[in-house]
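Me: I am new to this structure. Please take me through a single part of it, closely and in plain steps.

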Amino acid sequence: MKKVLIGFIAVMASLASCKKSGNAFETATSDTLTYEVKKFEKKSDNCVKEDSLCATVRFEYPFFKNEALDQQVQTDLVAIFQDSSDSTVVPAKKVEDLAEPFIKEYAQTLAEGKNYAEEANEKNPGGFFVMPWIEEASLKVDRQTDTYLMLKANTNWFKGGAHPISMEYYFVYNRETLKRVKLEDLFEKGFDQKLLAIAEKQFRINEKLKTNEPLDDLHGYFFENAKFILNDNFTLTPKGLKFLYNVYEIKAYAFGVTELEIPYEDLKEILKK
């Protein structure tokens, strides 16, 4: 196994902060967050180049000096690639822990493919087709406010199939508690249906849909029972609350990601004071 390549690039991020004034988010004094960008890469032993029989794991992410915050960020990034409900998987504590199982699974796939090909065609030993695999993510600081820290992850994953799967994920953290922010942390109690109605109205405007137009598969949407839903993939922009739906989540792969930004002005009645 090749040695793990880890690079550290020291950076100072001086980003504009924002503060919550009433129900709006206004530009405030600037703040400075110090962190390091950590790079990690590991390849399988048989790699000649990435388009050969090769498994590659590659991550780039901010390494925070605050241990509690850094562990929370690591946990959330790992969760993108690892199903915590799978009892057969050893839980990863950091992204580096994801590399060995991924590369090992690829080696097993190569071995199984070779054995199958040799049993099926003795005249062509080893004649089987396996594509290179890749698992990668780039996590970056997207924005800061006095209260919140926003990160964005771009991921790419391929283990065979028609094409790689690229996804985008947002992470919002409370800078005081160091916990990941949930919608209920932002809104007054009983906000659910009100937020859903406001969001669906904006969604229909964006999609140029009439009020009573169905959100079913005949119209190109994957909403269960043709009912609009919000996910937990959101961030806080200077202008509003933005949700992001990844490929296959509510539309076909060809349509790419769908973004839905709701202005704070439309949410002022349900935002926490």
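Leaving aside its neighbours within four places in sequence, which residues is Asn 233 in contact with?

Reply: This is a predicted model: local features need pLDDT of at least 70, side-chain atom pairs count only at pLDDT 80 or more, and totals for chains, interfaces and linings use all residues. Residues are numbered from 1 along each chain as its sequence is written, and side-chain values use heavy atoms, without hydrogens or water.

Asn 233 sits in the loop between α4 and β9 (helices: DSSP runs of H or I, at least four residues; strands: E, at least two; numbered from the N terminus). Asn 233 is buried, because its relative accessible area is 7% (buried: under 20%; exposed: over 50%; partly exposed: in between; 1.4 Å probe, protein chains only). Setting aside neighbours within four places in sequence, Asn 233 is in contact with Glu 168, Tyr 169, Tyr 170, Lys 242, Phe 243, Leu 244 and Asn 246 (contact: heavy atoms within 4.5 Å).

Phe 222 is in the loop between α4 (192-207) and β9 (234-236) too. Phe 222 is partly exposed, because its relative accessible area is 39%.

Now step back to α4. Its 16 residues reach 22 Å from first C-alpha to last, close to the 22 Å expected at 1.5 Å a residue (expected span: 1.5 Å times one less than the number of residues). Leu 195, Ala 199, Gln 202, Phe 203 and Arg 204 are the buried residues of α4. They pack against α3 (183-186), β10 (240-245), β11 (258-263) and α5 (264-267). Just after α4, Lys 208 takes a positive phi of about 60 degrees.

The largest nonpolar core has 32 residues, of which Phe 59, Phe 64, Leu 139 and Leu 151 touch the most other members (core: buried Ala, Val, Leu, Ile, Met, Phe, Trp, Tyr and Cys joined through side-chain atoms within 4.5 Å). Among the elements giving two or more residues to this core are β5 (55-64), α1 (67-81) and β8 (165-174). A second, separate core has 28 residues, including Val 172, Phe 191, Tyr 221 and Leu 236.

Helix α1 also has a buried set. Among its buried residues are Leu 69, Val 73, Leu 77 and Phe 81. The cover over the buried residues of α1 includes β5, β6, β7 and β8.
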